[in-house]
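Let's take a walk through this protein together. Keep the sequence and the 3D view side by side as you read.

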Amino acid sequence: MVVIMVDVIILVLVFILIVFAIRGSVAHFKGEGACCGGSKRPSGRGKRLDGPVIGMKVARVSGMRCQACARRVEDALDALDGVSCHVDLEKGVAEIRYDRDVDDALIRRAVTDAGYEVLSLQ
């Protein structure tokens, strides 16, 4: 009787672990999970600029795999003065708007420091 009860408890615990593993895997493959250690907060639409937009650049970024990655790139670029960024994860690009001249090297460095690579910047 005791052996059967122990077996039942073990089976219930294994079942619970499998349910959590499946839920996490589904969220991960949908791009909703925090696969890179970030939160589940989706990327935003960039910060507001102080002045009118005087230009826009598009950076192709390598290494982004989920919304947490996109948010990390967006936050790194939004931290630059005069820059507002929106990342399109499906296209693998960061759309960068600016209200003052911004050096390309500064943009590349911000993305690199966030852990990603700029493939092109136009």
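## The overall layout

Helices (H or I, at least four residues) and strands (E, at least two) are DSSP runs, numbered from the N terminus. Keep in mind that this is a predicted model: local features need pLDDT of at least 70, side-chain atom pairs count only at pLDDT 80 or more, and totals for chains, interfaces and linings use all residues. Residues are numbered from 1 along each chain as its sequence is written, and side-chain values use heavy atoms, with hydrogens and water left out.

Of the 122 residues, 37% count as buried. Buried means under 20% relative accessible area, exposed means over 50%, and partly exposed is in between (1.4 Å probe, protein chains only). Now for contacts, meaning heavy atoms within 4.5 Å: among those between residues at least 6 apart in sequence, 69% join residues at least 24 apart.

## A strand on the inside

Where does strand 2 sit, enclosed or out in the open? Six of the six residues of strand 2 (residues 83-88) are buried, so the rest of the structure largely encloses it. In a regular strand, side chains alternate between the two faces of the sheet. Here V83, C85 and V87 point one way, while S84, H86 and D88 point the other way.

Strand 2 runs antiparallel to strand 3 (residues 93-98), and six bridges join them; two strands pair if DSSP finds at least two bridges between them. V83 stands opposite Y98 in strand 3. The hairpin has four residues between the strands, and G92 takes a positive phi near 70° there.

## The nonpolar core

A nonpolar core is a set of buried Ala, Val, Leu, Ile, Met, Phe, Trp, Tyr and Cys residues joined through side-chain atoms within 4.5 Å. The largest one here has 25 residues, and those with the most contacts inside it are V61, V73, L77, A94, I96 and Y116. Helix 2 gives the largest share of this core, six residues.

Leaving out residues up to four places away in sequence, V73 touches V61, M64, V87, A94, V111 and Y116.

## Salt bridges

A salt bridge is a side-chain nitrogen of Lys or Arg within 4 Å of a carboxyl oxygen of Asp or Glu. By this rule the count is four. In one of them, the side chains of D50 and R100 meet at 3.7 Å, N to O. D50 lies in the loop between helix 1 and strand 1 and R100 in the loop between strand 3 and helix 3, so the pair ties together parts that are 50 residues apart in sequence. D50 is exposed at 74% relative accessible area, whereas R100 is partly exposed at 34%.

R100 also forms a salt bridge with D99, the closest N and O atoms being 3.0 Å apart. Salt bridges that share partners join D50, D99 and R100 into one network. Over in helix 2, D75 and R71 are four residues apart, about one turn of the helix, and their salt bridge has its closest N and O atoms 3.8 Å apart. R71 is buried at 10% relative accessibility, while D75 is partly exposed at 37%.
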